[in-house]
Amino acid sequence: MKLPEVAGLCLAFIARLITGAQGHWYGSPPKAEQRIYFANHQSHFDWVLIWAALPGDLRAVTRPIAARDYWTSSPLKHWITREIFNAVYVSRQRTDDEDPLEPLMEALRHGDSLVIFPEGTRGHQADPATFKAGLFHLAEAFPEVQLIPAWIDNVQRVMPKGEVVPVPILCSVTFGAPIQLQPGEDKRAFLERARHAVIALRDVA
Amino acid sequence: MGSLRSLSVSQQVGLLFVVLFGLLTIVSIVAYTRSLREREPQLQERFDRFLHDLRAVWLGSVLFWVSWASGTFISTLLFGVLSFVALREFVTLTQTRRGDHRSLLLAFFVVLPVQYLIVGTQHFDLFSVFIPVYVFLAIPVVSAFGNDPQRFLERTAKIQWGVMVCVYGMSHAPALLLLDLPRYEDRGAFMVLYLVVVVAAAQIAQEAASRWLRRRPVARAISRSFSWRAWWIGALTAAIVGAALYWATPFKPIPALVMGFIAGGSGSFGEFVMRALKKDAGVRSWGGKASVTGAVGLLDRVAPLCFAAPVFFHSVRWYFGF
């Protein structure tokens with residue numbers, strides 16, 4: 001085993017020790033299919049939680065999205081996101097000649113699964129904020145990739161905004177049944193439907 | 001019994017584990033052959049619960065064996081991990097606010113390790129006062145720095161209570177392992193086993209008695225099954241079992257009877273209080289099937305022990321005039 005694998009196992013162990021990182025699968029078994037998981041976003045810990053809740057062999061093919069300017073700013077951050085998580089880097093500055101979704105499309109063409117937080121930023125309300133359009137464009141470009149909603153519960157208590165050390169509190173990730181973009185479905189309608197699919201999982205769990 | 005006393009300590013403990021695992025194996029084999037039969041759904045549910053409990057007993061016994069076989073360091077560490085998991089479950093199911101973050105960190109990452117460090121190094125005077133005195137005062141201070149006056153007393157009390165039960169109560173079990181009693185060196189494992197057996201006997205007897213007697217419950221809103229008569233039956237059963245085990249302890253038969261009564265009775269009260277807490281948090285059992293958080297229901301099983309261990313520990317110390 002190489003160092004990144006060992007570090008990854010350690011990290012998953014710590015995440016499980018602190019949060020339990022229970023994955024509940026309702027409507028979609030954990031299979032090695034190409035998938036886009038989309039979830040509510042409340043804390044920096046969200047990605048690690050989803051990642052730790054996935055079975056070991058799915059972790060290797062499931063990639064997070066990381067902001068390039070922040071996660072490549074120091075060698076350690078760069079190493080963690082590149083070697084352990086195999087993150088897809090996106091730049092936050094918009095340039096005219098570059099599609100911000102291009103790195104994601106590239107990863108999907110490559111056959112990887114992605115985890116995205118379509119709210120774009122961490123929310124503080126009980127319900128997630130309205131979703132950004134990226135999910136719609138990905139669904140349009142890759143109709144064969146499964147879109148799996150996920151609800152992350154309790155994580156805001158583990159690490160509230162501004163705190164660095166997580167408190168041990170049990171959390172769970174509930175994965176739901178895949179949704180699909182209907183032919184001719186409007187962008188707003190689809191995003192709202194996706195958001196409700198995520199919210200609905202709160203009551204399933 | 002005289003021939004048992006003539007064996008060396010490690011031979012005695014070894015025999016204890018042979019008997020324990022032998023009994024467990026027999027019960028498991030019987031349960032397995034029974035499990036192949038079909039039965040009514042209601043009975044099936046009860047049987048499933050029994051299997052669940054049996055697995056817990058297996059796990060407990062294996063942990064107990066590992067902790068004895070691997071020496072005091074590992075056993076203290078194991079009980080520390082158990083404490084950690086129980087406290088995690090407790091905190092998950094109580095309401096805390098943003099301002100409590102620092103006090104929770106204090107509880108998990110400072111108080112818990114320090115308490116077990118004190119146990120491991122056998123500073124029993126500091127061990128008895130560290131949480132009730134120092135931590136009791138430190139937690140509200142840290143919480144106040146959280147700058148959130150809303151329901152301050154309630155939140156602080158909850159954290160303190162969790163630390164008291166899950167850390168302080170639990171840490172008395174390894175303390176029993178390490179307590180050096182006169183003419184009873186290195187046999188702490190028997191004390192822990194005595195405590196566990198007595199508390200379990202009280203629980204089982206009380207449960208059976210309340211089902212069989214169907215007395216009017218003392219506090220219907222909290223527990224449908226707790227009645228004074230059932231409690232007395234539980235505690236007296238613990239006393240009898242305790243007296244029957246006197247040869248394994250440093251006590252004479254009558255003190256062993258009284259110790260069993262004290263431990264069994266306080267364990268039953270612990271279970272009763274845990275029920276009140278569960279009702280308050282709005283869950284039927286800590287964890288269980290419907291739980292969002294996926295808690296494993298460990299707190300349920302260790303609560304009677306967490307209540308009985310400190311009472312028992314200090315009774316033992318008084319008895320021997322420490």
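1. A quick term before the core: by nonpolar core I mean a set of buried Ala, Val, Leu, Ile, Met, Phe, Trp, Tyr and Cys residues joined through C-beta atoms within 7 Å. Please keep in mind throughout that this is a predicted model.

2. The largest nonpolar core holds 136 residues, and Leu49(A), Ile50(A) and Leu195(B) have the most contacts inside it. Its main contributor is helix H8 of chain B, residues 188-213, which supplies 15 residues.

3. What does Leu49(A) touch, leaving aside residues up to four places away in sequence? Its partners are Ala15(A), Thr19(A), Ala21(A), Ile152(A), Val155(A), Cys171(A) and Val173(A).

4. On the interface, 15 residues of chain A are in contact with 14 residues of chain B. The chain A side of that contact consists of eight nonpolar, four polar and three charged residues.

5. Chain B has 11 helices and zero strands. Its radius of gyration is 20 Å, close to the 20 Å that the globule rule gives for 322 residues, so chain B is as compact as a globular protein of that length. The C-alpha trace of chain B spans about 65 × 55 × 35 Å along its principal axes.

6. Of its 322 residues, 42% are buried. Among chain B contacts between residues at least 6 apart in sequence, 72% join residues at least 24 apart.

Note on methods. Residues are numbered from 1 along each chain as its sequence is written. Chains are lettered from A and ligands numbered from 1 in the order in which they are written. This is a predicted model: local features need pLDDT of at least 70, side-chain atom pairs count only at pLDDT 80 or more; totals for chains, interfaces and linings use all residues. A residue is buried if 20 or more other C-beta atoms lie within 10 Å of its own, exposed if 12 or fewer, and partly exposed in between; C-beta atoms are placed from the backbone. Helices (H or I, at least four residues) and strands (E, at least two) are DSSP runs, numbered from the N terminus. Two residues are in contact if their C-beta atoms, placed from the backbone, lie within 7 Å. Ala, Val, Leu, Ile, Met, Phe, Trp, Tyr, Cys and Pro count as nonpolar, Asp, Glu, Lys and Arg as charged, and the others, Gly among them, as polar. The radius of gyration is taken over C-alpha atoms; the globule rule is 2.2 Å times the number of residues to the power 0.38.
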